[in-house]
Amino acid sequence: MGSVDGYVVKARQIRKAFGHVEALRGVDFEAEAGKVTALIGDNGAGKSSLVKVLSGVYQPDGGELMIEGRVARLSSPRDLRRYGIETVYQDLALATDLTPYENIFMGREVFRGGVLAPLRLVDRGAMRAKVEETFARLGVTITDQLAPVAALSGGQQQSVAIARAAMWATNMVIMDEPTAALGVAQTQGVLDLIRRVADHGIGVVLISHNMPDVLSVADSIQVLRLGQRVASFSRGECDVPDLVQAMTSGTLEEAKA
């Protein structure tokens, strides 16, 4: 899992323009296996554009994207699955009328074997058992696993989306603002889950506006400003004022000059 140097994803000098607007102006970015790498920046910094390049939604105009040490060319988000990378989008992309296990296996259903194989009958028992095993491994508690997702709390819905990604990912999960619409208690539950995913060896790229959340869970923090990476911090090297200064003025050294 991961490349020789430990990085699952490396982006070098990524460029992306929309007409005359340069959204990404030579961005560098890297994320390691088994670590939480946070990506932060003010509105318009280029976070969304970079994430869409990393997830195959956008094709870059220049630069190089490497996954597991090899140059990767992604033509769609589906291509990312070949590399063992899953994405949890801000809207969660859950079918709210289906149960948690049906959501997790949607498009990847397990069918019964043996004499019933030609009938293509869905093996609901096998899918539920696998999901329950995944929930137990990640410490996810769902009040009613046979209830439709619409009946679950916001935190539980987010947990289902993260568990789905973690179950299928072998290398990395990209999470876009996973705590944006949650209360304090639900937010802490999701942050704990993010940490557990990384502790199981899966890299996590966390995009968030919430700097205290980022500081509490991230192993490294990379800061974008005006389409470029302007600062990179390891765990314990910075606090909220440092991050704000980097986001608004560039690197700390530039800000103090």
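## A tour of the predicted model, stop by stop

Begin by selecting helix α1 (residues 47–54), which is mostly covered, since 6 of its 8 residues are buried, where buried means under 20% relative accessible area, exposed over 50% and partly exposed in between (1.4 Å probe, protein chains only). The buried residues of α1 are K47, S49, L50, V51, V53 and L54. Helices (H or I, at least four residues) and strands (E, at least two) are DSSP runs, numbered from the N terminus. Just after α1, select G56, which takes a positive phi of about 85°.

This is a predicted model, in which local features need pLDDT of at least 70 and side-chain atom pairs count only at pLDDT 80 or more, while totals for chains, interfaces and linings use all residues. Residues are numbered from 1 along each chain as its sequence is written, and side-chain values use heavy atoms, with hydrogens and water left out.

**Strand β1 and K16**

Next, select K16, in strand β1 (residues 7–18). With a relative accessibility of 13%, K16 counts as buried. Its side chain reaches the backbone oxygen of Q59 at 3.0 Å; a polar contact is a pair of N or O atoms within 3.5 Å, of which, within protein, one must be able to donate a hydrogen and the other to accept it, and residues adjacent in sequence count only if both atoms are side-chain atoms. If neighbours within four places in sequence are left aside, K16 is in contact with V21, E22, A23, L24, Y58, Q59, P60 and D61, contact meaning heavy atoms within 4.5 Å.

**Two residues with positive phi**

Most residues other than glycine have a negative phi, and most peptide bonds are trans. Move to E68, in the loop between β4 (62–67) and β5 (70–71), where this residue has a positive phi of about 55° although it is not a glycine. E68 counts as partly exposed, at 31% relative accessibility. Then select E177 in the loop between β7 (172–176) and α6; E177 is not a glycine either, and has a positive phi of about 50°. Is E177 buried or exposed? With a relative accessible area of 9%, E177 is buried.

**The helix pairs**

Two packed helices are described by the angle between their axes and the distance between the axes. Display helix α5 (residues 154–168) together with helix α6 (residues 184–199): their axes come within 9 Å and cross at roughly 10°. Axes are lines fitted to C-alpha atoms, for helices over the stretch in contact, and angles run from 0 to 180 degrees between N-to-C directions. The two helices α5 and α6 are therefore roughly parallel to each other, given that angles under 35 degrees count as roughly parallel, over 145 as roughly antiparallel, 65 to 115 as roughly perpendicular and the rest as oblique. On the α5 side the contact is made by G154, G155, Q158, S159, I162 and A166, and on the α6 side by Q186, V190, L193, I194 and V197. By class, this contact of α5 with α6 has 6 nonpolar, 5 polar and no charged residues; Ala, Val, Leu, Ile, Met, Phe, Trp, Tyr, Cys and Pro count as nonpolar, Asp, Glu, Lys and Arg as charged, and the others, Gly among them, as polar.

Apart from neighbours within four places in sequence, K130 is in contact with F105 and M167.

**The cores and strand β9**

Now turn to the largest nonpolar core, which has 50 residues, those with the most contacts inside it being I194, I221 and V223; a nonpolar core is a set of buried Ala, Val, Leu, Ile, Met, Phe, Trp, Tyr and Cys residues joined through side-chain atoms within 4.5 Å. Helix α5 gives the most to this core, with 7 residues. Not counting residues up to four places away in sequence, I221 touches A38, I40, V214, L215, A231, S232, F233, C238 and L243. A second, separate core of 26 residues includes F29, V53, L74 and L80.

Finish at S220, in strand β9 (residues 220–225), which counts as buried at 19% relative accessibility. With neighbours within four places in sequence left aside, S220 is in contact with V36, T37, A38, F233 and S234.
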